[in-house]
Amino acid sequence: MSISYSCSHLDAPHAPLPPSYPSSSSSYHRLDRLYFCEECDAVRCDQCVAIEIASYFCPNCLFDVPSANVRADKNRCARSCFSCPTCESSLSIQGSDQPSENGQPGSPYTLVCSGCKWSSKEVGWNFEKPTGIALQLQKMNTQSEIVQSEFDSLKDHLESYISLSNSNTTTSAPSSVRSTRNPSRQISHLTQMAQKALHRDVGGMVAYSARVKRPSTTKEGEKEKYGWDELAVYEAKENWRKDGMGSFPNQVDVIKDLGFSGADGMAELAKIWGKSWDAGKMTGDVLPQRIPLQTKLTKRCPHPNCRHLLIQPDTKSVRMKIKMVAANYLPLIEIGRRRRRLPSNDIAEMPELERMTSEELERRRRERRRARGGIPNKEEDESMESPLKSGETYTFQLALTNPLYDPIQIRLTRPNPVSSSSSQERCNVIIPTPHFTINALKDAWAYDEEYEDDGNNDFFMGGSEAGFSEEGTTTTTTTGGAGGTIGKRSRLSILGGGSSVKKDRGRDRENGVEKKSNTSKVNLDIEILPNARKGDAIKFDLEVRYTYRSDETITPTDTEGKAKGGKKEEYKNFTFWIRVDLGRVE
Amino acid sequence: MSSSNSGLVPGPSGGPLTTPTKRTAFATSTSADAGSSRARPAGSSPAYSSRRHSLYGIEDRVVIDPGSRVWKVGFSGEPDPRSVFYSLDLSDIEDTGAMEAWDMDPSFMKGVDGDRVEGDRLVGVRVVKKLRETYVKHLMTDSKARKVIILENTYLPIAVKEHIARALFDNLHVPSVSFTPSSLLSLVACGRITGLVVDVGWLETTITPVYHSRPLYNLSRSTPLAGRRLHRHLKTLLHHYAIYIQSPTSLGNIHDRQRSTGVPMNQLSDELVERILTEGCFVGGLHLKQQEEDQQPMDIDQSPTEDDEIRRIAEEWYERYGNTSTAKDISFRIKSTLGLGPSTIIVPGWIRERVAELLLEDDRGSEDESIPRMILNCIMKLPIDLRKSLISSLLIVGGTASLPGFIPRLRISLLHHLLPPPASAQNKSPLNTPDSRREEALLWRRRNREPYKEIHGLSDKLTIINDPSPVDGKSGMAPRWSTGLMGWVGGSLAGALKTSSMEITRESYDTSLSHSIARGEVYKEELDLSSIEMSTLLGVNIEDLKVGQALGAGDAGGEDEFGMKRKRGWNDHIVGMNDWTRGAVRV
């Protein structure tokens with residue numbers, strides 16, 4: 001039960017693929033995760049923004065780590081923050097039980113987990129001071145040194161090979177300058193290689209026997225000479241052999257006799273898979289880790305010609321210096337109030353919705369609207385959590401909240417490519433009220449006045465039918481390029497004058513729209529098709545287009561809005577797509 | 001220092017003594033005592049050849065080992081990766097039910113309904129997501145500053161490679177990327193450049209011979225007998241033979257909870273099976289089965305549905321291995337959604353010990369060769385002079401190979417295949433007697449059972465260099481890197497040594513990309529032009545033709561509605577043929 005908003009990344013705005021394509025899910029994000037670039041007039045998401053790191057901090061001690069130290073510390077807190085090897089909560093430092101002379105708990109100090117009572121005594125870690133644990137540990141812990149020295153000696157070993165086979169290339173220019181695609185270099189490389197190969201001993205020739213003998217005579221393996229393309233055998237400092245011949249049967253025997261997983265068993269994969277040195281697979285072999293740092297990020301618009309800042313954190317506080325979030329630009333859409341329609345003859349008679357023309361749909365919609373006014377609906381409220389049933393029709397309420405200081409008009413449609421893959425569709429979506437408005441975001445007291453107005457209007461108008469669409473047709477302006485359904489909007493009449501009572505009445509006559517302050521609620525009918533099987537997720541996309549009054553004076557080519565009656569006001573459209581996830585079919 | 005003197009020693013080619021050339025410098029390195037001089041040829045500045053760490057660390061590269069299931073990322077020059085993580089998010093798994101980020105073919109991927117294009121898109125989406133996560137979450141570094149080394153598995157699909165390059169260049173703007181063979185890097189982590197690398201991964205097990213730092217791709221092999229197959233098999237066995245104790249539904253029946261054999265499928269999540277595999281399973285010793293080959297009937301027809309087939313396999317395994325293990329049963333506590341507290345799964349010892357037989361034993365039911373056979377087949381195909389050096393430096397890497405006991409068991413299996421059966425040489429009858437002829441015939445018949453006779457002589461050369469329980473003088477000499485991270489460590493070493501396979505810089509990527517786009521456009525234009533040409537030539541737009549019209553609707557060479565004559569096919573002119581494709585034309 002969620003609604004996510006689409007981001008077209010760097011492309012021109014387009015409807016993402018329908019939900020049956022799993023790759024489309026990466027285009028959809030929750031509204032609170034999205035950014036908005038005013039310059040590009042586009043939504044941006046975490047998958048496309050350019051990211052720079054503003055600062056590093058430890059989530060445990062909240063210390064701001066200077067970026068110069070971060071790499072050497074391996075992105076982990078270098079002070080005293082450790083996480084528990086069993087439950088991953090942070091460890092606290094505890095003095096020994098015997099107090100020292102001055103009455104304070106003294107050394108040795110241990111790390112203790114407050115969650116699972118793990119103590120660093122279990123791995124033999126005792127500290128003299130309660131501060132700078134990481135540094136003390138570095139001196140104590142030899143394991144990482146062994147690994148590093150092995151790594152370094154491997155590097156030295158290989159270096160001899162690399163420098164030998166590259167020796168010719170280091171003569172002319174530093175290797176970083178030279179391009180690998182320079183053909184002349186390749187050729188010179190080849191000739192030199194060939195030259196070396198000539199000097200190389202060839203098996204079956206006289207020199208060969210001399211070389212073969214050499215390993216037995218000269219015992220220093222490293223000093224042994226090898227050709228340009230050969231590498232001496234590397235003798236690992238710490239190899240498998242060191243544990244003695246019989247280590248494997250022991251290890252397997254231990255595992256064989258394990259009766260339980262968990263504390264005495266083998267370690268969780270996620271705790272040991274980051275260790276390249278094979279030091280043991282049991283839970284007891286896992287050591288506490290320093291706590292990983294976290295970052296504050298600066299985010300920029302990814303468009304190559306824009307690069308405007310979208311997010312700039314203040315490194316000293318929790319505030320943002322710049323915060324261009326989409327929630328301030330796009331209406332917030334929520335879904336709720338699920339009602340299941342009880343079966344009636346009316347619905348059973350209906351032909352398949354897909355085959356109906358738009359006129360039929362329109363007629364049906366009006367009928368339903370009329371029905372809603374008169375006959376009590378055969379619907380029952382349901383919990384949003386309970387699973388959906390195939391073959392049923394549900395009515396949901398969609399609430400849209402306007403974040404702008406101007407009223408906006410909404411057009412709700414389904415994106416175009418829906419009908420093409422009808423076999424994939426699990427539900428039919430009927431939007432009874434595709435056009436409606438949302439009031440502007442105002443201060444709280446301003447709404448109070450409006451309610452009084454509303455009350456009067458209700459009294460006068462009494463809830464007449466179909467007024468909205470009729471008025472809509474009369475006031476429709478000829479907007480270029482706008483297609484059939486868009487023609488039926490009365491955007492201008494509604495947006496034109498926010499204060500006049502006459503227009504307010506018009507607004508209130510919209511059917512099926514429930515308004516409260518800057519939120520409008522409309523109904524959405526969803527018919528779960530019988531082909532939906534158990535466990536299928538019911539998801540569908542909606543195209544939301546809103547028209548708003550822009551403050552800027554834009555050149556006429558940029559705007560779709562039209563001036564009416566000599567008024568110089570600009571209207572702009574913004575289209576985005578949302579994905580509604582209704583949960584799974586029972 | 002002796003090296004300065006030895007630099008003047010003339011080489012075999014005999015340069016003048018006073019001007020030491022490169023050649024003489026090289027020649028000295030072949031002499032006995034000039035060990036330190038060979039690294040630095042005459043004429044080069046020592047400043048350029050020093051390969052220490054850079055002060056500011058910008059020169060360290062980013063090393064990424066992208067697996068279909070697990071990614072390992074970090075900086076070069078460090079022995080440990082910075083982070084290891086699954087290639088899929090939980091939400092992605094929920095959406096698609098996939099277990100890995102890509103499959104060997106995009107149309108096999110879960111959730112795409114066999115749609116290759118969508119599968120390809122999905123791979124791209126996942127790669128971008130994970131690469132961004134790598135930089136933002138795990139490495140916490142600016143992607144524009146550092147070069148990247150990508151470990152390329154032998155059979156990494158080219159589409160995945162393209163997606164990785166695109167994401168790195170277009171989304172993250174890295175300066176250069178080099179795709180480096182993971183097989184070679186695994187060897188490098190052991191200080192070698194020659195060896196037979198067996199990578200037991202998730203999607204497949206690949207065997208790549210590497211000789212003198214050249215991976216011999218044309219001789220490498222792969223089999224889907226790997227982690228995923230093992231995973232599924234374990235799931236099947238657990239489903240049928242593990243004991244499941246549900247969590248108590250009330251406080252009253254804590255002690256007499258119901259035990260049932262067989263874990264319900266909905267409880268066996270991917271995560272749980274992975275946990276049981278990594279925390280409970282190991283590989284036991286070789287189990288020599290009795291000679292029951294002939295008595296088992298082939299009952300393929302009796303398993304009509306998939307469920308039955310799975311059940312049959314599980315039963316067969318129980319029959320074969322049910323009482324061959326001395327391992328204790330292990331119990332796992334798992335979170336349960338119903339009832340109070342955790343429920344328990346007890347995994348029988350035989351499953352723990354024998355589940356990996358899937359990879360190591362030949363199964364007559366399946367057509368896949370087991371891993372030991374695959375290795376030996378690979379060695380058989382090698383050039384004869386490489387066999388010895390490669391069989392004596394086997395390197396087993398990959399996450400699945402880190403199952404305890406896997407490598408020693410693999411060695412035993414290999415030896416089992418390599419050593420001739422002992423019965424053959426016992427009682428030889430005199431020549432040309434009926435007995436001897438019978439024996440010869442037997443031998444002849446048995447020749448297929450000893451497919452590796454050719455390399456039996458190499459059996460004492462067999463060495464696994466990272467064998468954790470070395471039994472002879474040569475095996476287990478490699479450093480103790482864990483098998484799953486061997487390749488990554490090699491990548492880190494290569495980055496520290498400033499070497500890798502060819503770098504693709506961003507500029508060259510951009511230019512080659514724009515070239516190929518331009519080429520595509522030119523081709524498209526040409527296509528358009530040629531179709532216009534065609535239509536002017538024929539006087540008809542090809543797009544307007546209806547079905548069958550291009551063939552010609554021939555009333556014996558007559559003209560159709562477009563008024564043109566067409567060449568006839570061999571039976572195009574048959575009049576009155578009731579072919580619907582032609583029918584439209586006549587109307």
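Residues 345-354 of chain A fall below 50, with seven contacts in the model beyond near neighbours in sequence; two residues are in contact if their C-beta atoms, placed from the backbone, lie within 7 Å. Residues 553-567 of chain A are also below 50, and that stretch has 20 such contacts. Where pLDDT is low, the predicted coordinates should not be read in detail.

Some housekeeping, then. This is a predicted model: local features need pLDDT of at least 70, side-chain atom pairs count only at 80 or more, and totals for chains, interfaces and linings use all residues. Residues are numbered from 1 along each chain as its sequence is written, with chains lettered from A and ligands numbered from 1 in the order in which they are written.

Now, the cores. A nonpolar core is a set of buried Ala, Val, Leu, Ile, Met, Phe, Trp, Tyr and Cys residues joined through C-beta atoms within 7 Å; buried means 20 or more other C-beta atoms within 10 Å of a residue's own. The largest has 131 residues, and B:Ala356, B:Leu395 and B:Ile396 touch the most other members.

Finally, is B:Ser500 buried or exposed? B:Ser500 counts as buried because it has 24 C-beta neighbours inside 10 Å. Its C-alpha atom is 9.6 Å from that of B:Ile150, 350 residues apart along the chain.

How values were computed:
pLDDT = per-residue confidence, 0-100. Buried ≥ 20, exposed ≤ 12 C-beta atoms within 10 Å, placed from the backbone.
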